[in-house]
There are 4 protein chains.
Amino acid sequence: MLNIGVIGYGYWGPNLVRNFSESGVAQVTAVSDMNPERLQLVKKRYPATRTTIDHRDLLTSNHIQAVAIATPVHTHFTLAMEALKAGKHVFLEKPLTETTDQARQLIDEADKRGLILMVDHTFIFTGAVRKMRQLVESGEIGDIYYYDSVRVNLGLFQPDINVIWDLAVHDLAIMNYVFDQKPVAVSATGMSHVPGKPADIAYLSLFFENNMMGHVHINWLSPVKLRRSMIAGSRKMVVYDDLEPSEKIKIYDKGITITERQALYDHLVGYRVGDMVAPQLENHEALNLEARYFADCIGKGEQPANNGQAGLEVVEILEAATRSMQEKGCTIELNAGS
Amino acid sequence: MLNIGVIGYGYWGPNLVRNFSESGVAQVTAVSDMNPERLQLVKKRYPATRTTIDHRDLLTSNHIQAVAIATPVHTHFTLAMEALKAGKHVFLEKPLTETTDQARQLIDEADKRGLILMVDHTFIFTGAVRKMRQLVESGEIGDIYYYDSVRVNLGLFQPDINVIWDLAVHDLAIMNYVFDQKPVAVSATGMSHVPGKPADIAYLSLFFENNMMGHVHINWLSPVKLRRSMIAGSRKMVVYDDLEPSEKIKIYDKGITITERQALYDHLVGYRVGDMVAPQLENHEALNLEARYFADCIGKGEQPANNGQAGLEVVEILEAATRSMQEKGCTIELNAGS
Amino acid sequence: MLNIGVIGYGYWGPNLVRNFSESGVAQVTAVSDMNPERLQLVKKRYPATRTTIDHRDLLTSNHIQAVAIATPVHTHFTLAMEALKAGKHVFLEKPLTETTDQARQLIDEADKRGLILMVDHTFIFTGAVRKMRQLVESGEIGDIYYYDSVRVNLGLFQPDINVIWDLAVHDLAIMNYVFDQKPVAVSATGMSHVPGKPADIAYLSLFFENNMMGHVHINWLSPVKLRRSMIAGSRKMVVYDDLEPSEKIKIYDKGITITERQALYDHLVGYRVGDMVAPQLENHEALNLEARYFADCIGKGEQPANNGQAGLEVVEILEAATRSMQEKGCTIELNAGS
Amino acid sequence: MLNIGVIGYGYWGPNLVRNFSESGVAQVTAVSDMNPERLQLVKKRYPATRTTIDHRDLLTSNHIQAVAIATPVHTHFTLAMEALKAGKHVFLEKPLTETTDQARQLIDEADKRGLILMVDHTFIFTGAVRKMRQLVESGEIGDIYYYDSVRVNLGLFQPDINVIWDLAVHDLAIMNYVFDQKPVAVSATGMSHVPGKPADIAYLSLFFENNMMGHVHINWLSPVKLRRSMIAGSRKMVVYDDLEPSEKIKIYDKGITITERQALYDHLVGYRVGDMVAPQLENHEALNLEARYFADCIGKGEQPANNGQAGLEVVEILEAATRSMQEKGCTIELNAGS
């Protein structure tokens, strides 16, 4: 049984506490938050859990082997570094850090100490995203043409990060998990509509090798809520609509067929239309699975798929996209997290 | 009664012939097409209409006052110029021409001769788009934040123009009609997935003054067909779904409220949520209305909203977008058709 | 090449003329309608077709081997009987006749003369309905639990028949084609909301043997248009939504599993949930296929699936349902068209 | 602050405990359940709440002024009667009782003792249903033509009540609340597909005076989950889709217009099509509102809208519908709960 402490009991912290508590492999020994009212809430729901306004109480406790950190992104680096130096495994909210430099330091520190550093890319633990990875890996989709995602709704404006860091992070984590290839360049556009606030609408284009493309539309100013991604390949096409109560994944036996003609350099395009299948998906709470995976990786001393490196690769794109957006779409090369 | 000749009886020509015939204000005197089989089809459907494989027969006819041209885009300039020089009013398929330079020459020629030059921006004659313009003009939507459009489906690949020229042209024509402001710069990304063919997927970002943005996603490789645009403003938000059998336009009384705080440069963002209204729209065939409008403009000697200048403004963006796409998103300044 | 005459060029007649003309196996030699204006329309569209206000001109013509009748239902019997007596094969609009007695007389007359009598049950020629029949026949759906259909919209009120005869006829024809079993009893409820007019909303319950049930909701007073049927069986369940542009048929690998327990008469119910498949359907115009089928049956001297007997079976249910509705749902036994 | 005891902590009981606890006007003093495991769950979540396997402990407690009963329907009468006789106000799960006779006895007992008897018709506390009542009451919908509801899904089969008692009870409670008129007769059809089990699919037709009709389709064997009701009136039409995340209520300015013609008894039907409005609805948890309403009625000594009489009126229809179903749709007269 893993003893874990949770730092931060704001918007997401309660989900972490609940899921680690119900994971069956961990118990939440203590929770810290700077706001005493939030701690009272913990006490009411979990009378046996220790609470404190000082997160260092968790780091100095011998009982606690790991901490989960759910605080604003500008505090991630400092808190996680403290925790690693105190010998704790770290489960850190996404995005991992504010900069790639910070991310690299955390990775190094964890490596040096043989500790697990895991970033909370929750979506990769959903049945839908796991199915997409399986479809890509098995070759069922064929060569990938593009990943296109729309993630828009009204609000919530974040005070200090732009809409890319708030919403696109999900799609970047999904792409990081589903595809082997890493993007080599990014172009982004976007805009703020509230004076002095970060961009509330943005568009990211990602360039991969082998004629693959990614695109993410994120938006805090949409009248309707949409969560829809498409993957098109040479053999199949997939639509993932996360707001569908069932049938979140639809696999279309549709596409183009390319025939080379006698004449050099000329190709004929044909169309293929077949059945659509909505496969039955694993039905579990993603965060519960992720909590158990974290405990499992610690137990076995294995690197998780969503380790610091995965977090770094996402942060690198977020950084580059923000810079491209400031330069009105100018392409920024990526180093694929190296 | 306007006597009109139609050049080109391929994909779109039959719609022109039918709608001009049924307009009540024009009659299709002659149709030309280089393919005799297409002309037989005309004969079968309209026994009284003259047919010819040589479009010049239409231009030399004294009975014919105007021609409608529905041929591939690379023939637009030459055919339209011939027609204008023969003293005919011209109704020209979109996009107007292959280049802005060609567009300017046609505009000059028409001006010089006092002839009407109209580009077939069909969508601006739909009840839905006219309603959007009215909502914007009346101030009901408030300051415009963005126009975002998704226009995707499987195929049809065009042999010689990319997906921007094929599909984005509709959104550019709609924006040209609905908004007063003109874009000042464009950034585009996109890709081809068939060797030697033009781009089949693309994303256009348009920058306007006053914090307004436009974005168009066009795609020939989508498993599902989508035709959805959103306009968000400071007072209302609109969703236009052209595939909805009824309720194509939905107006949301939703948005953000911005409160200036005491402290300089700081703003509070609030949310406003109210009713949604799907207004009853004018119900007519867009092309029929457009045919009557063409005859009307000729009769009154008035410039149409979709005149050569509107066509030029759209072509300028298409040109710049294609260039930006080749440069992976690099921003291209626009001169707003001047 | 079958020479056919069409009687009635009102709402549906133009579809018959067009589809027989384009069938490739028949030509429409003559059209009759009591309204000269309708005949002018024929002349304009089909200059080579003879027109007449007297349908008897068609019956006395030696060139004409068959007639298609698309007139109000109260004229069906008289016109069809005249045609049969004149030795013509008959293609008759649905519902076949106003009464079962009339239907039986037509069947007898056709039989006696060796002529084809076919009722226009258009839906059974759609790819969707044919797929449903195939799923039922092959046993893929298992034992049938029920067929449930909703067919509602605003208007059009018919002057002399109630909503059952106008809309339920489609579902009865579909059930007649898809299922082997025939209903043994019917219960119907419904109501008129316009003084002096026939019922505008109705509900039909059909009882079959072997625990199978049918239900049809038809309604001229619905704010939304719905065309959705469900078939549930012991192995699969099917949803048929005719308003879906694609994916009209969805097959659900869902259902219950019944386990007999030790204790006599006791059963445990479990649930089975699996993939959903939307099969690619044949894509053709139903009426075109039906026109070719009619010519084919005449050529081969074979009874069509939608022959007089099928029409009679549907009329028997319409008759009984109307009577049950007048008696507020009281069950009426059926003789399955015998 | 009302002290309440909850009897039954199975499927629905936890919702009652949570909502009464969070109501701000009541506290759950004690919970009883015959299953000790369920009580341990209570202890874990609410350490301060007393638990007992004997519901009589609640009835003899002087601290407890009211009980909420969430047990199987066959225990409702006995438990509620005991509670009333012990001087407790009673909040009773729907359906109120197994028979109208039982319902009348409970009503009498509550009246005699001046106690509040309330049946848990949760839906009438939703923003959507309250909006429908307001639309009907204000005359905005005009004369009511019908209420039509579809409430279907796969499972859960109830062991001892049929699908009418399980699902139609919701629609009957909604109709009871939304409309002034009471139904005067009912016809029902339905069927069981599991040997020895109650009906799993059923259709209810309700007859009102003034040409108003009701219909409810309830079904445990549907591959898709549907929760959709329509109300059509002479002035407006309403669609209520409870599965819509937002826009649950849509009001259509659609309908027919009836014009009397000169000739006696003859009417012309026209169609009216206008805007659709989806009004912003009150957004609260229905059960929370209901809990506060219960406490409020007790405090003021006022009869709730969903009192024993409302529960009786619903049970009368359930009883009659079950009987009609056994008689294959034969109409049963209702006494409107008198």
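1. How far apart do the end C-alpha atoms of residues 129-237 of chain A lie, and how much of the span is helix and how much strand? The ends lie 14 Å apart. The span is 23% helix and 42% strand. Helices (H or I, at least four residues) and strands (E, at least two) are DSSP runs, numbered from the N terminus. UniProt, in an unreviewed entry, places the feature "domain: GFO/IDH/MocA-like oxidoreductase" at residues 129-237 of chain A. UniProt positions are given in the numbering used here, feature names are shortened, and annotations may be inferred rather than shown by experiment.

2. Some ground rules. This is a predicted model: local features need pLDDT of at least 70, side-chain atom pairs count only at pLDDT 80 or more, and totals for chains, interfaces and linings use all residues. Residues are numbered from 1 along each chain as its sequence is written, while chains are lettered from A and ligands numbered from 1 in the order in which they are written.

3. Now the domains. The assignment for chain A gives domain 1 (2-122 + 286-303) and domain 2 (124-246 + 316-333). Such bounds come from an automatic or database domain assignment. The centres of domain 1 and domain 2 of chain A, taken over C-alpha atoms, are separated by 26 Å. Their contact takes eleven residues from domain 1 of chain A and twelve residues from domain 2 of chain A. Two residues are in contact if their C-beta atoms, placed from the backbone, lie within 7 Å. Helix α8 (residues 286-300) of chain A gives the most to the domain 1 side, with three residues. That side of domain 1 of chain A divides into four nonpolar, five polar and two charged residues. Here Ala, Val, Leu, Ile, Met, Phe, Trp, Tyr, Cys and Pro count as nonpolar, Asp, Glu, Lys and Arg as charged, and the others, Gly among them, as polar.

4. Chains A and B come next. Their contact takes 42 residues from chain B and 42 residues from chain A. Several elements of chain B give two or more residues to the side that touches chain A, including β7 (144-154), β8 (185-191) and β14 (267-278). β11(B) gives the most to this side, with six residues. By class, the chain B side has 26 nonpolar, twelve polar and four charged residues.

5. Chains A and C also touch. A rotation of 180° with 0.0 Å of shift along its axis superposes chain C on chain A, with an RMSD of 0.0 Å. The two copies are thus related as by a two-fold rotation axis. The superposition is by least squares on the C-alpha atoms of residues with pLDDT of at least 70 in both. Of the residues of chain C, Val277(C) comes closest to the axis, at 2.2 Å (C-alpha). The contact takes nine residues from chain C and nine residues from chain A. The chain C side divides into five nonpolar, two polar and two charged residues. 100% of the interface residues of chain C are also interface residues in chain A, so the copies meet through the same surface.

6. Look at helix α6 (residues 127-137) of chain C. Its buried residues are Ala128(C), Val129(C), Lys131(C), Met132(C), Leu135(C) and Val136(C). A residue is buried if 20 or more other C-beta atoms lie within 10 Å of its own, exposed if 12 or fewer, and partly exposed in between, with C-beta atoms placed from the backbone. Seen down the axis of α6(C), the buried residues fall within an arc of 155°, so they line one face of the helix. The arc is that of the directions from the helix axis to the C-beta atoms. These buried residues pack against elements of chain C, among them α7 (163-178) and β13 (249-260). The face turned away carries the exposed residues Gln134(C) and Glu137(C). Just after α6(C), Gly139(C) takes a positive phi of about 85°.

7. Two backbone details deserve a check. The peptide bond from Lys94(B) to Pro95(B) is cis, with omega near -10°. Pro95(B) lies in the loop between β5 (89-93) and α5 (100-113) of chain B. Glu247(A) has a phi near 55°, a positive value in a residue other than glycine. Glu247(A) sits in the loop between β12 (237-241) and β13 (249-260) of chain A, and is buried, with 20 other C-beta atoms within 10 Å.
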